[in-house]
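Please find below my notes on the model. They are set out as numbered points, to be read with the structure open.

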Amino acid sequence: MSRPTGRVLTLLELLQSGGIRPVAELADRLGVDGRTVRRYVGQLIDLDVPVETVRGRYGGYRLAPGHRLPPLMLSDDEALAVLLGLVAGSRAGLTTAAGTAGETAAAKVRRVLPRHVARRLDTVLESLAFTSAPGEFTTPDAEVLLTVADAVRHRRPLSIGYRDRHGRRSERTLHTYGIVAHAGRWYVTGRDPGIEEDRTLRLDRIESARSLPGTFGIPAGTDPAQRVLDGFATAEYRYEVALRIHGTVEQIRAGLPASVARLTEPAPAKDTDAPAERWLRAELRVADLDWLPAVLASLDRPFVIERPAELRDLVTALADRLTSCARSA
């Protein structure tokens, strides 16, 4: 690489670090005069890199948004961060649209890595292990994701084509509150004005999305992430479970996370002092009860089962089995 070409790329890297760069600063960093800096800027503009001139006492050059992505100059650590982010995102199901997009992006970065950086990356990937198997997730369409995100930011109604878990397709309007990533899936929360109900929808099941005229307001205190967690905790399943558990929120959440159970603190009875010990009420809905006794035992906290009666029988049976095993020779 010739020295002038190398300096042009160094100039691009300096501009990509952000902010307005005075000509004097750029000239000093590149070891050239101001006239040469201006010539290098002209070369970047000829390459369709959107360099913008800022006039005035504190003026200089900066990068402006362009019609296409300019060449990116990444440091060794930045390149490693990008590639590891692509690996982790793909593993967690947090990529968008065609799965090949992440693979081709990673391949492009790897092709231009210096050998010593590529070796560092390979060392990390060969040493890296995950505690869970990779999920097989259906990722959302990138254009749908961007359209929904724009509607969230600008409070614009959306018209969406949605296909439910049974394959039924419907057209609906949605007032979007936020986008939430949870357990390898993308969700959008909002209100369906047609039925006047809050909804949580999977983004990968939205087949089309377009903005509609107008704006809408969001209720005060709206927390999209909490809405998604509450939706999982209160989903329609076979059993409605109610427990009272003694302990801190952190202790209980270790076995019953927010996506599984809702926690509230019961009000003390009238004419009695507030209890010295803190009891929290846990409510959850589950398809089966078999896993709950072991979870309650692992919490190692006092608990009371309010309902259902079947759970009491399962807990008693587990206690009997543990007692029998402990007493056996």
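Predicted model: local features only at pLDDT ≥ 70, side-chain atom pairs only at ≥ 80, totals over all residues.

1. Strand 3 covers residues 158–163 and runs antiparallel to strand 7, to which 5 bridges join it.

2. How many of the 6 residues of strand 3 are buried? The number is 5, so strand 3 is largely enclosed by the rest of the structure. For this count, buried means under 20% relative accessible area.

3. A second open sheet has 4 strands in the order 9-10-8-11, with antiparallel pairing. Here the edge strands are strand 9 (262–264) and strand 11 (303–307), and each pairs on one side only. Neighbouring strands of this sheet are turned against each other by 25 degrees on average, direction ignored.

4. Strand 8 (residues 239–246) pairs with strand 11 in the antiparallel sense over 4 bridges. In that pairing, Arg244 has Val304 of strand 11 as its bridge partner. Helix 10 packs on the sheet and touches strand 8, strand 10 (279–286) and strand 11, its direction making about 10 degrees with that of strand 8. Helix 11 packs on the sheet as well, touching strand 8 and strand 11, and its direction makes about 140 degrees with that of strand 11.

5. At what angle do helix 10 and helix 11 pack? Helix 10 (residues 292–299) and helix 11 (residues 309–327) pack at about 65 degrees, and their axes are 9 Å apart. The crossing is right-handed. At the contact, Leu292, Pro293, Ala294 and Leu296 of helix 10 meet Leu311, Leu314, Val315 and Leu318 of helix 11.

6. Helix 6 (residues 115–127) can be checked for its length. Its 13 residues, at 1.5 Å a residue, should span 18 Å, and the end C-alpha atoms are 18 Å apart, which agrees. The expected span is 1.5 Å times one less than the number of residues.

7. Which residues of helix 6 are buried? They are Val117, Ala118 and Leu121. These residues cover an arc of only 100 degrees around the axis, so they lie on the same side of helix 6. On the other side of helix 6, Arg115, Arg119, Glu126 and Ser127 are exposed.

8. Strand 1 (residues 51–54) and strand 2 (residues 60–63) pair in the antiparallel sense over 4 bridges. Val54 stands opposite Gly60 of strand 2. This hairpin has 5 residues between the strands, and Gly56 takes a positive phi near 110 degrees.

9. Some totals for the protein follow. The model contains 11 helices and 11 strands. Of its 329 residues, 30% count as buried. Among contacts between residues at least 6 apart in sequence, 62% join residues at least 24 apart.

Note on methods: Residues numbered from 1 in each chain as written. Heavy atoms only, no water. Pairing = 2+ DSSP bridges. Helix = DSSP H or I, 4+ residues; strand = E, 2+ residues; numbered from the N terminus. Buried < 20%, exposed > 50% of the residue type's maximum accessible area, 1.4 Å probe, protein only. Arc of directions from axis to C-beta. Axes fitted to C-alpha atoms, helices over the stretch in contact; angles between N-to-C directions. Left-handed = near helix turned anticlockwise from the far one by under 90°. Contact = heavy atoms within 4.5 Å.
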